[in-house]
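User: I would like to learn how to read features in a structure. Can you take me through this one step by step?

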Amino acid sequence: MKKNILALALILALLAGAVLLLSNIEGRAPASAAASAPSSFQPSADRGISLAVETQTPPAQTESEKTPRYIFVMIGDGMGKGQRGLAREYLKLKTGDKSAELAMDTLPVKGEVSTASANSNVTDSAASGTALSTGCKTNNGMLAVSPDGEKLETIMEKAKEQGMSTGVITTTSVTDATPAAFCVHCDSRALENDIAEAYLKSGIDFIAGGGACHFLPASYSGGDDTWGDPLYSARTDSRDLFGEFAGEGYKTFCGAEGWREFKEYGPAPGSKVFAAFSNISLPFELDRINEGMDSPTLSQITQKAISSLESDPDGFVLMVEGARIDHACHYNDAASAAYETLAFDDAVKTAYDFYAQHPEETLILVTADHETGGLGLKSDPDLSVLDGVRVSVQGRLKFAYNGDRAAFYKYISDNLGLKSLSASEKKKIKTALDFADKKKTDRNLYSSYDPPAIAACGIVSDRAGIGWTAFSHTGTNVPLTAAGWESARFSGLHGNDGIGRLLFEIVGLKRE
Ligand SMILES: [Zn+2]
């Protein structure tokens, strides 16, 4: 008898839960129910953010509050669970706070995304960006077109139809696959000069990152980019796309000088911005910090994008990409993977601070397009090893060996913290230097990269207790976290196209 009563109580409780869940799925739940943090929540100034989960009666909704006005789609390129775990553990070490969390890990809704493309278990950023921006899977390399080449409407185009403002920002070229998948339609991600031209017609209100070389005329010579390198053109024609953007009413910013102006720029309501601060990618965080480069962080660009777009009473959709997590992981560069993920997390925090001021009207989604490198932490990692690393592999280390072995050993001592090497470590470096001297390689050991650089940074990973399984993307699922308006819709496991369809639906909701 007692058992029967208990069973009945359990069934009733389950039914009540199911009704609550259904009302949420149907979109009838108030905006701040369940998934949203209470409106009293304020992220603390330090990184030890904690979310209070006290229940509150949600405020009454007015018609105009039934759609989110501010939508952030934040993509850590190549950022799987391993990258988030590495950054979190390194953050604990750096802050001395054993309970430190990434801002992105404190978002209350947790989910997971499968990433296969239409033609491969392992996606590239073009196909995955397309799935997220259009809700449809396509083949690797294709941007917002179906495998047959038909145009797929993007959430940015839908946002425009709805009268909202739009923005894309990235730490690599704005013509690169992830931002391009949100803004243009193209059969091949490789056609970056064509993609640059297509941006002119995209109507995107705020575009910022790198990639100036695709917008400058072939004959260009002039200032430097934010690495301190001379700006150059990768175009074969005389089109000056910076000038053409200005003709379309954009305020433009080019290279290092552009960055200095951008810092001081106070966007007027309704203004449009086109900014490319470097020839291709922005500097890696490690190089920017250690060399004191005057170059923007993703968080600084995010802040400027918010202040430019927020004046639109219809709201905005802003895509923010931390692109260089992927670049670091292709090289199995553990230190840069940690720094790039932390810099991306700072941008999430900037968005979260904005959310805290507009909790009923903001949706923040943080995920990845795929994982890169098959990164995992071993038991008892010693991440203090990463403190000795002062250079990125792709930005600096790969250029360090020029045939002078003594100079290379000194370089990795000074810049990777490899002051003394064990016999097996010495053997690894010697093998790599031999390959480099003979201009040969071993693709299993070094992929297509510079053998001495890969060998040296491999020793850093081994000492730190960080394992890698590939120099490429992997097909593992990636985490998703979310906060704000109806964010519970994103909990659980989704395909990347499913995430895109949910976004499309939300952007397309009837607006008052
Ligand atoms: Zn990649």
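Analyst: Start with a helix. This is a predicted model. Asp497 lies in helix H17, which spans residues 496–507.

User: Is Asp497 buried or exposed?

Analyst: Look at the relative accessible area. Under 20% means buried. Asp497 has 15% relative accessibility, so Asp497 counts as buried.

User: Which residues is Asp497 in contact with, leaving aside its neighbours within four places in sequence?

Analyst: Asp497 is in contact with Ala131, Gly135, Cys136 and Lys137.

User: Now Ile506. Where is Ile506 found, and what is its relative accessible area?

Analyst: Ile506 is also in helix H17. Its relative accessible area is 0%, so Ile506 is buried. Compare sequence with space here. Ile506 and Trp485 are 21 residues apart in sequence, and their C-alpha atoms are 9.7 Å apart.

User: Next, charged pairs. How should I read a salt bridge, and how many salt bridges does the structure hold?

Analyst: Side chains of opposite charge can pair when their charged atoms come close. The structure holds 29 salt bridges. One of them joins Glu161 and Lys158, with 3.2 Å between the closest N and O atoms.

User: Where do Glu161 and Lys158 sit relative to each other?

Analyst: Both are in helix H4, residues 155–161. They are three residues apart, so about one helical turn separates them. Now check each partner. Glu161 is exposed because its relative accessible area is 52%. Lys158 counts as buried, at 19% relative accessibility.

User: Which residue forms a salt bridge with Glu285?

Analyst: Arg288 does, and the closest N and O atoms are 2.9 Å apart. Glu285 and Arg288 both lie in helix H9, residues 285–290. Their spacing is three residues, about one turn of the helix. Glu285 is buried, with a relative accessible area of 10%. Arg288 is buried too, with 16%.

User: And Asp414: how far apart are the closest N and O atoms in its salt bridge with Lys410?

Analyst: They are 2.5 Å apart. Asp414 and Lys410 are four residues apart in helix H13 (residues 405–416), so they are separated by about one helical turn. For accessibility, over 50% is exposed, and partly exposed lies between that and buried. Asp414, at 37%, therefore counts as partly exposed. Lys410, at 51%, counts as exposed.

User: Pairs are clear. Which residues are linked in a network of salt bridges?

Analyst: Glu197, Arg235, Asp237, Arg239 and Glu244 form such a network.

User: Let us turn to the metal. What coordinates the zinc ion?

Analyst: List the donor atoms. Asp326 gives two OD entries, and His330 and His473 each coordinate through NE2. The distances run from 2.0 to 2.3 Å.

User: What spacing do the donors of the zinc ion follow along the chain?

Analyst: The spacing is D-x3-H-x142-H. Asp326 lies in helix H11 (residues 324–330) and His473 in strand E12 (residues 473–474), so this pair ties together parts that are 147 residues apart in sequence. Asp326 and His473 are both buried.

User: How do I judge the geometry of the site?

Analyst: Compare the angles with an ideal. For four tetrahedral donors, the ideal angle at a metal is 109.5 degrees. Tetrahedral requires all angles between 85 and 135 degrees. At the zinc ion, the angles among the four donor atoms are 56 to 149 degrees, and the site is irregular.

Key: Residues numbered from 1 in each chain as written. Predicted model: local features only at pLDDT ≥ 70, side-chain atom pairs only at ≥ 80, totals over all residues. Heavy atoms only, no water. Helix = DSSP H or I, 4+ residues; strand = E, 2+ residues; numbered from the N terminus. Buried < 20%, exposed > 50% of the residue type's maximum accessible area, 1.4 Å probe, protein only. Contact = heavy atoms within 4.5 Å. Salt bridge = Lys/Arg side-chain N within 4 Å of Asp/Glu carboxyl O. Donors = N, O, S within 2.8 Å, 3.2 Å for Na, K, Ca; no water. Tetrahedral: all angles 85-135°; square planar, octahedral: opposite > 155°, others 65-115°.
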